[in-house]
Structures are given as C-alpha cells and as structure tokens.
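Please look over the sequence and the model shown here before reading the report that follows.

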Amino acid sequence: MIWLVVLGLVVGVLWLYGQTSELKTRLARAERRLGSLEAHLEDGVTGEARPAQPQQRARSAATSAASIVTPTIPEARASALATRTEATSTFASKVMARNPPRGPTREQVAAWLSENGLAWLGGGVLGLGGIFMVAYAAQRGLFTPPFRIASAVALGIVLVGVGEWLGAQAKRVAGGHALAAAAAAGAGATTIYAAVWAAYWLYGFVGLGAAGVLLGVVALGLLALSLRHGEPLAVVAIAGGLLGPAITGPQHWDAPALTGYLSLVVITGYGVAGARRWGATAIATLAGAVLWAIAGYAAEGYVRVVALAIGPLALAIAAAEWRLRKSDAPAKPDSFSRSPAASLVAAAFLLAGLWTLRLAGPDLATLAVGQGALLILAVLGVRRGVVPPYLQLAAYLSTAVVSVAFLYHPPTVHLELWAAALAVCAAACGLSAAFGGRNQAEGLYASGGAAVALLLCLILRGPLATQAPWVAPAGGALLLGVCSVLLGRRLEDPRRSVPLALWIWAGTAALLMMLRIQSPVQILPLAVAVTAPVFAVLHVRIGWRGLAGAAIAGGLASLAALLNPDLLRPVFASHAWPVAMVAVAAASAGVVAGSSRLIRERDAKAPAADSLGTAAILIALTGVMLLLRFWGSQGAGGWRLDPFAEAGLRTISIVAAGVLSAMAVRDDSHPISRWRGHVLLALGLAHAMLFQVLIFDPLWAWWTPAVSGPPLVDSLGLGFLGPALFFAVAASRRVTTERRLTGLYAAAAFGLGLLWAVLEIRRLFQSAGLHLGADLVGRAEAASYALLGLVAARALFAAATRSERHGWGLGEVAGAVRRLAHGVGWLAVTAAVLVYGDLASPWWGPITRPLASQANAGLLFALYAAGAAMTLWLVHADEDPPSKLLARASKLAAVLIIFALVTLLVRWGFRGLDMRPVMQKASLETWAFSAIWGLYGFGLLIFATARREADLRWAALTVLIGTTAKVFLFDMAQLDGVVRAGSFLAVGALLLGAAVIARRLSAERPSTSQPV
C-alpha cells in the first residue's frame, strides 16, 4: 500500500501549506500599510497630493526616513530637506530609466521554481500517480475490478476537492497559490481519465459510446473549473479531451464521429482561449489538432486533416479578432496574439504534407478546398492585423507545393476546373492583400498570389488543355493583366511600385508562354519580339513600373526563340539558303531596336532603352552566328566553313559588337550602356579561349585540311588575328577608364596575335595539315619560333614606350606592359641562346638528318643572322634600370649567335649540306676555324674598344683566348707542316694587331665604362 502512504504525505504537505497562509496574509497587510504610510507622509511634506507612480516604489530608504522626520523639524529645514529629497527621488528615477532591469535574477528564478515550477511538477506527478495506481492495481490483482475503478474515481474527486479548497484559500488569503489549486484539480481530472479508460479498455464495464461521453463530460467539467482556477486547468482539460480517442483506441471510432469529436474539442479550446485570452490554451489546442492531423495521414483521413488544419486557423483568427474588437490588445505580443500565426504555419505544413506523404491519395476537391480556405484565411488574417503580412507567403508556398500534386492525377475536366478555381482564388487573395498593404514590403508579400496563379496556369492539364494548350496561359495572362490594372489604379504612385511590377511581369510570362505555344516555330522570334513595342508604348503612355521590364522580357524571349532547337533543326536539315531565318532574325532585331528608340525618346537615360538596345545587338549577333553555323554544316554554293573558321567568325562578331558598343558610350550613358560592350568583349574572349584555343585548335583538328585558305590569309586569321586586331583597337582607343579592362584587352590582343604567328609559322613549314614534316619541329621552324619571341618582346617594349610618350590607349597599363616585356624578353633571349646555340644547329644539334637543299641552308643561316640582329635590337629596347641587365644579356647572346653562325658557315663551306661527318685530322678546315674565330675575336675587340663596351670587350677576349687555346691544344697536336705554322702565325698576328689597335683607340678617348 505504498501509494496510500505517498498520498498521505502529499495531503499532509498541502495541509501544512495551508497553515502557513495566515502568516503570509499578515505580512502582506503590514507591507500595504507601510506603503500607505510612506505615501501619506510624502504628501504631507510637499503640501500637494501627487498621484502614485511606479517610480515611487523604487525610491531609496533615505527618502522615506526624511519624510518621516520632516514634520518635527523647523519649517526652513523642512523646506530644504524636502527639496533635497525631491532631487534625490528625481535622480533615482533617472538612474532607473537609464538602467532598466536586465532580467530575472537568481533569486527570482529560484522563487519561480519554488512556487510555480513545483506546482506544475506536483500536479504532473499527482496525475501520473493516479494513472500508475490504476495500472499497478490491475497488474497486481489488488482488490476487485469494481473497487479499483471506484478507488481511482474517489482519488480523482479528492484531488479535485483539494484543488477547490486551495482555490478558495487563494482568494481569501493573500499568500494563497492559485497555480497549486489548478494543478491539484488537473491531477484529479487525469486520474478520472485513467479510471474511465480502465473501465472501458481493461474491464469492459462500459462501451465505446459511454466511454467517449464520459471522457467528454470530464473535459467539459474541467473547462468549467478552469474558469475558476485559471489557465493551467484549461490546458489539462484540452489535453485530456484530445487524448480521449487515443485512450479508447482510434481504430474503434468511425471517421465522421472522430472528426466531429475532435472538431468539438478544438472549438471548445479556442472558445475558452478567446474568452479569457489564454495563449497556452490556444497553443495546446493547436498542438493536439496537429498531432491528430498527422495521425490522419496514416489512416488516410484526408478530410480530417483538412478540417484540423483549417479549423484551428479560422478559430484563432476569430478569437483574436474578437479580442481586438474589445480593445484588449496587449502592449507587447503575447502567446495568444501569436496563435493565429502559429495556426497558419501549421495549416500550410499539414496541407502541403497531404501530397508529399500521399501523392495519389487526396482527391482533388479536398486539396482545392483546403488550399482555397488556407489562402482566404491567410489574407483575412493579414487584412485584420492578427497575422504578420510576411506569413501569407507560407500559404502561397503551400499552394505552390500542392499544385504539383495535380501532375500526379490523370488529366480530367475536374482537374482543370479545380486548378482554374484555385488560380483565380490565389490571384484574388493576393490582390486583396496588396490592396491592404501599407508599404512596399507588404505588397511584395502579396505578389506571391500572382506567382501561384501563374504556376497553376502553366501546369494546368486536361481535355481542354490538350485540344487548345494556349487557353490556359492565355487565361492566366488575362487574369493577371486584369489584376495588374486594378492594382495600378488603386495605388497612389504606380510608377514606383515594385509589387505592381511583379504582377505585370507574371502576366507577361503567361503571355509569352501563350505565344510560344500558339506561334509557328519559324516566326516565333518575331512573334514574341512584337510584345516589346507594345509594352514600350504602354510604358511611354502611362509609365507604370514593370512595363519597361515586360518590353525587355519580349526582347530576351525573341533571343531565346532564335536558339530554339526546333527552329535550328529544320534549317540545318535543308540545303536551301536560310533566307527565312535571316529575315526573321533581322526583323526581330529591328522591332526590338525600335522599342528601344521609343523609350529613349521619352527618357534618354532610361535603362530599359539601353537594355533593349543590347537585346537587339544580341539578336542580330545570334542571326549572324546561325548563318555561320549553316555555312559550317551544309554550306552554300559548294563552300562550307570548318569548325575553327566558324568559331573564329562567331568570335569576331561578338568582339566587333562589343567594340562598337563600347565606343558609342557617352558621358551620360546608363551603366547598362557603359558595360554591355565590355560584357560582349569578355564573352568574345571567353568564346575564343574555349573554342579556338581548346576545342577547335587546328593542331588537333579532326577535319582536313586543318587550315583552309592561302598562307597569311587563311582561317588562322579568322580565328586568331581578327579577334586580336579588335582587342587591340579596344585597348588603344581607350574604350574604358578601368585599368584592369584595358590590360585585359591588351593581353588578349597580344596572346591571340602571338598564337596566330606561331600557327602561321607552323603552317609555313608543315603545310595546311600542320603535321607534314618528318620531325615534330624542324631546325628552321625552331629558329623561327626563337626569332618570333624576340620580335614579341621588342614589340611589347615599343608599345609601352609609345603609350607613355605619344598618348596611346595603353598609357594606364604601360607599366604593366613594360614588366611583361621584361619577362618575355628574358624568355626570348634564353630561348634564342638555346635554339641557335644547339637545337637549330645542323652540325651538333639533335636532328641528325642533313639539310634538304641549299635554299634550306640559306634560310637557316638567314634566320641565324636575323636572330642575332633582333637580339642586338633588343639591347636598346628600354633605358630603365631593370632593363640594363637584360641589355647586357642580349649583347652576349648576340655574340654567341654570331659565333655559332660563322662556325656553321665555315663548316658548310667545307662539308656542304651534310655537316655531321667527323672532322679529318691535319686538314685545312681545322686551320680555317682558327683563322675565322681569330678574325671574329679581332673584329669584336676593335668594335668593343671603339664603343667603350666592357661586356663586348670581355666577350672578344674570351673568343681570342679560346682560339689561342685551340691553337695550342688542338692545332699543334693535329696539324703539321705549313698548316700548323700558318695557324700559329695567323693567330699570333691577330693577337698582336688587336693589342696595338686597342691601345691606340683607348689613348684617343678616355674610357667611361666600368674598369676591366
């Protein structure tokens, strides 16, 4: 009998709690009397009656003490003391105003837990104790079943009686605890709930109907008691009433009876919550309804789900509206005022889950009616001010989600009717919310109705939509157009209304969709382009916001229609000249350009005019590219374009349009006009890099020949040189003030031009196939690439210098170009030394094959001479200090290249085209090398001494000393006779003569170079 002991202890604690109430009452009375005395004394000091203010309770103890002693002191001191007291009170009030309480202190939290928290916990424990008592008695077989039920009922009645007694004490005694009274009564009701459940489920004493009636009676009784004990008991009552079917087993209830019972409990809960403004009761009712609605998914009770989703929303709005009419609005939102918003979110979630969890389960009527009611109630709550305006988006989003469920139903007449009705309802609700919008934000929220209506019109399916598919978007365009007109006439300033623009754009989307469905594909670009001047005229006449955007949408739709595969497929499949396609593209571009002109005449700086002009340019470019694509795929007159040439022409078209647009910019142009040219240039560069450089590069062409046309005027010029020239114009004509863009255009011009030169050299040596030679890269080809690098570096230096001195367009990035020239110069000099010193040599180079002809030998030697000359030209390319080291390196590289050239010339003179055989001993060729090297060193020394070039002097000395070493180490060992003597005599004479001439030249002019 442990539970009896526990019950006795609880009753004893409650008795002790009641005994302490008298002491609390006396203390409260004393505090009230003390407060009255303080107020009376303060009024006596100041001589005037002041209304009690909340700040008076916050005054310090010093103020009260001063007020008590004031009547016993002289009048002068009393006046001074009263003035000081008033100043102190005012200062304290200001301090409290500046530093309001920051929140509950630890003591306040502890007090709440010890009083309210323990009351809630005690009530819950008592309720669970009653349930456990019934279950324990049944499990252990204690007493007979009737006695168990009677004991549980008796315990519940006792707890309800204790709650009544505590409630009476709370009203009579100041220290009474109303929350404890409600908790005790709720625990008693819970015990009675458990007894009724046991009587039905465990023992079968009563039937299903009787059990439901008894549970309902208990719930109603608790609601009646809650009017006396407060909200906690109402929460317990609602929870018990909603748990009744779960206790008795929902499978034993038929669907209408269960839905009706739950609806009655929900109505009762919101009625009590509205009558007393109890937010917790409303939230508890909503939570129970949501749980039963979720349970309805599994039981396929879709009508129940809709009822439990819409019912709480309607009741919450009605209760909140009733309280507002009674002027019972709190200063800050409380849980009751938030209940309509919570009900709206819950309803949107539940209705969206109908098709998410059961795609084909709910019938169309249930879905449409539920969503329509949700939309109407959401807008009604917003209009009445009980639901935040932004939460209507939840209803629109739920309707959009549910509209997808229509795709899972077979197309029937009912589907069309319900979808059309829901579209009209969404548009009407959105329009009503927009009428009541107080600012732009609320109007934007209301435009969700337009989006939902547009979505429903686009996905509508059925017999009528199958026979005439244009009817649905046409109806949507008409509906949204009418709503836009009504909204525009209602607004004070439709020229600046963003919500109105959204409604107009939704109607425009439906109109364009109708034209796409109804118009033949051959004239679709022109059909949708015609909408641009229509909206442009409306924009000029009435100026509503959104009409200009609708005109832009027509231009963009025309551009998209030109790229429609249904249009391209028949054009490319025929071998006829695509006159119709070109005519449609030209007419569309002209119509859109005319729309731009109409708007520009009204406002020269209108961004819509620039946008339409840009759309016209893009339409014209698209027509040109489609024509090129036709030539590339089928050709005309026996001529066709290869993929690389076609890509090059597309790039030229884009870049040319970008350059022209950028050059046409004025100082007062709109940002769209200022930037569209640069956007086109960037697109052209990206197109060139993707197609000409990566995908269709002739080096890995799968078509033959890889390069079409004669050299230097072939397809390589279309792919690389043409775009490079346009980018050079963009960089030099200062089409932008942005330094980075200028640098980008200059880099694009340099890079594409360099690629053109490289591939043209490749084509000259490897023919149009680019892979004809026996070697991957021949000697002359490698020498040409090295020469090209030197020319490129010299050209960069020249461009930077001219930009700085003569005002070229690269002036903003001349420093960057000069730094790039330094880098390219070092790479070019290094490559020249490597190529001319080793790779291109027919004697010691990696290619062992003899030269093909004397012409090839002449070409190779000419390239050597040109490389040396270009290296020397690079010496004087720049005078900046960073370039001096590059100039010295270029001098030495030129010396090395000339040395290699004279060596190869001697070898060619003795060996001819095949220079690979081993040199014969004691031959005249060996002596000739010594003589030529000596002459070269002699001439270089004379030149360096005359020009005061220390670097060249060291180079000449190196050649002469090297030649002397060869004479001693090689000639003396390999030569004999007259040849050996002649070698020594010649070299010695050259050395002596060089020394004499160098001394004389040095004596004529003092040296200004660095010491040697």
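At 29% relative accessibility, serine 767 counts as partly exposed, a class that lies between buried, under 20% relative accessible area, and exposed, over 50%, with a 1.4 Å probe and protein chains only. Serine 767 is found in the loop between α31 (739–766) and α32 (779–806), where its phi is near 70 degrees, a positive value in a residue other than glycine. Most residues other than glycine have a negative phi, and most peptide bonds are trans.

## How the model was treated

This is a predicted model, in which local features need pLDDT of at least 70 and side-chain atom pairs count only at pLDDT 80 or more, while totals for chains, interfaces and linings use all residues. Residues are numbered from 1 along each chain as its sequence is written, and side-chain values use heavy atoms, with hydrogens and water left out.

## The chain as a whole

The protein chain has 38 helices and zero strands, where helices (H or I, at least four residues) and strands (E, at least two) are DSSP runs, numbered from the N terminus. Of the 1012 residues in the protein chain, 46% are buried. Among the contacts (heavy atoms within 4.5 Å) in the protein chain with a separation of 6 or more, 74% are between residues 24 or more positions apart.

## Two helices side by side

The axes of helix α14 (residues 364–384) and helix α16 (residues 413–435) come within 9 Å and cross at roughly 5 degrees; such axes are lines fitted to C-alpha atoms, for helices over the stretch in contact, and angles run from 0 to 180 degrees between N-to-C directions. The two helices α14 and α16 are therefore roughly parallel to each other, a term for angles under 35 degrees. Residues that make the contact include Leu364, Val369 and Leu375 of α14 and Trp418, Cys425 and Cys429 of α16.

## Cysteines without a bond

A disulfide is a covalent bond between the sulfur atoms of two cysteines. The structure holds zero disulfides, a disulfide being counted as a pair of cysteine sulfur atoms within 2.5 Å. Cysteine 425 is in no disulfide, and the nearest cysteine sulfur, that of cysteine 429, is 3.9 Å away. Cysteine 425 counts as buried at 15% relative accessibility, and cysteine 483 likewise counts as buried, at 6%.

## A cis peptide bond

Threonine 704 and proline 705 are joined by a cis peptide bond, with omega about -10 degrees. Proline 705 has its place in the loop between α29 (671–695) and α30 (715–732).

Technical notes
Angles under 35 degrees count as roughly parallel, over 145 as roughly antiparallel, 65 to 115 as roughly perpendicular and the rest as oblique.
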